[in-house]
Amino acid sequence: MNHLEVPRRYRTVAGSATAEIEVKRSRFIAAVARAETETEARALVERARKEHWDARHHCSAFVLGPRSEITRSSDDGEPAGTAGAPMLEVVKGAGLSDVSVVVTRYFGGVLLGAGGLVRAYGDAVRAGLELAGVRERQLLELWDLTVDHADAARLENDLRARGVAVRSVDYAEQATLHLATDGDLPAVVRELTAGSVAPTRAGEVWVDALH
């Protein structure tokens, strides 16, 4: 794949989740949420800091973008490389993007060592991702199709039957159907209208895949 090419689909979490594990009396609380911007990703960290204000560490990682092009991680006071980096690797290893994770640690009085910390933070994220589930996102092409009022209802039904999403319909002198699809809409419209009208490209949008 060309490094500039955007994939048509990618995987993210289905929802938010919180999971907790305990390792030698230290509690590791993982919060997982979908995030499409760095602001949204960092907001999860701030929520964890407020909710668990008395905890020693709030380590974090996030992966953003259809090509997982933005990645960040923070050890938040843990020894370098023992928290944020392994958390990030778990998210990347799961093939997920648009995901923010925060692991809050309450120290239990027993030192875990570098290897123990890496395992604990990674296991906490794995537990959180399992609870959050997986959902696929897909890139749809947006189109506008302007037709006579008399043809609008029939075309809307025919297009829906072909799997084309009808996002809305505007009624003015003519009816304009606002459509979204991952298929060859111009070919479908030509077939349904005997080539009498043609759609106009109106951009792209990411949506949660239905299949």
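**Salt bridges and a helix in a predicted model**

Me: How far apart are E156 and R160 in helix α4?
Reply: E156 and R160 are four residues apart in helix α4, which means that about one helical turn separates them. Helices (H or I, at least four residues) and strands (E, at least two) are DSSP runs, numbered from the N terminus.

Me: What kind of model is this?
Reply: This is a predicted model, in which local features need pLDDT of at least 70 and side-chain atom pairs count only at pLDDT 80 or more, while totals for chains, interfaces and linings use all residues. Residues are numbered from 1 along each chain as its sequence is written, and side-chain values use heavy atoms, with hydrogens and water left out.

Me: What does E156 form with R160?
Reply: E156 and R160 form a salt bridge, with their closest N and O atoms 2.9 Å apart. The term requires a side-chain nitrogen of Lys or Arg within 4 Å of a carboxyl oxygen of Asp or Glu.

Me: Is E156 buried or exposed?
Reply: E156 counts as buried, at 17% relative accessibility, whereas R160 is partly exposed at 44%. Buried means under 20% relative accessible area, exposed means over 50%, and partly exposed lies in between (1.4 Å probe, protein chains only).

Me: Which residues do salt bridges with shared partners join into one network?
Reply: That network consists of R34, E36, R135, R137 and D208.

Me: And how many salt bridges are there by this rule?
Reply: The count comes to 18. One of them pairs R8 with E204, at 3.8 Å between the closest N and O atoms. R8 lies in the segment before β1 (9-13) and E204 in strand β10 (residues 200-208), so this pair ties together parts that are 196 residues apart in sequence.

Me: Changing topic, how many residues has helix α1?
Reply: Helix α1 (residues 38-51) has 14 residues and reaches 20 Å from its first C-alpha to its last, close to the 20 Å expected at 1.5 Å a residue. The expected span is 1.5 Å times one less than the number of residues.

Me: Which residues in α1 are buried?
Reply: A41, L44, V45 and A48 are buried in α1. They cover an arc of only 95° around the axis, so they lie on the same side of α1. The arc is taken from the directions from the helix axis to the C-beta atoms. On the other side of α1, T39 and K50 are exposed.

Me: What covers the buried residues of α1?
Reply: The cover includes β3 (26-34), β4 (57-64) and β6 (99-106), where contact means heavy atoms within 4.5 Å.
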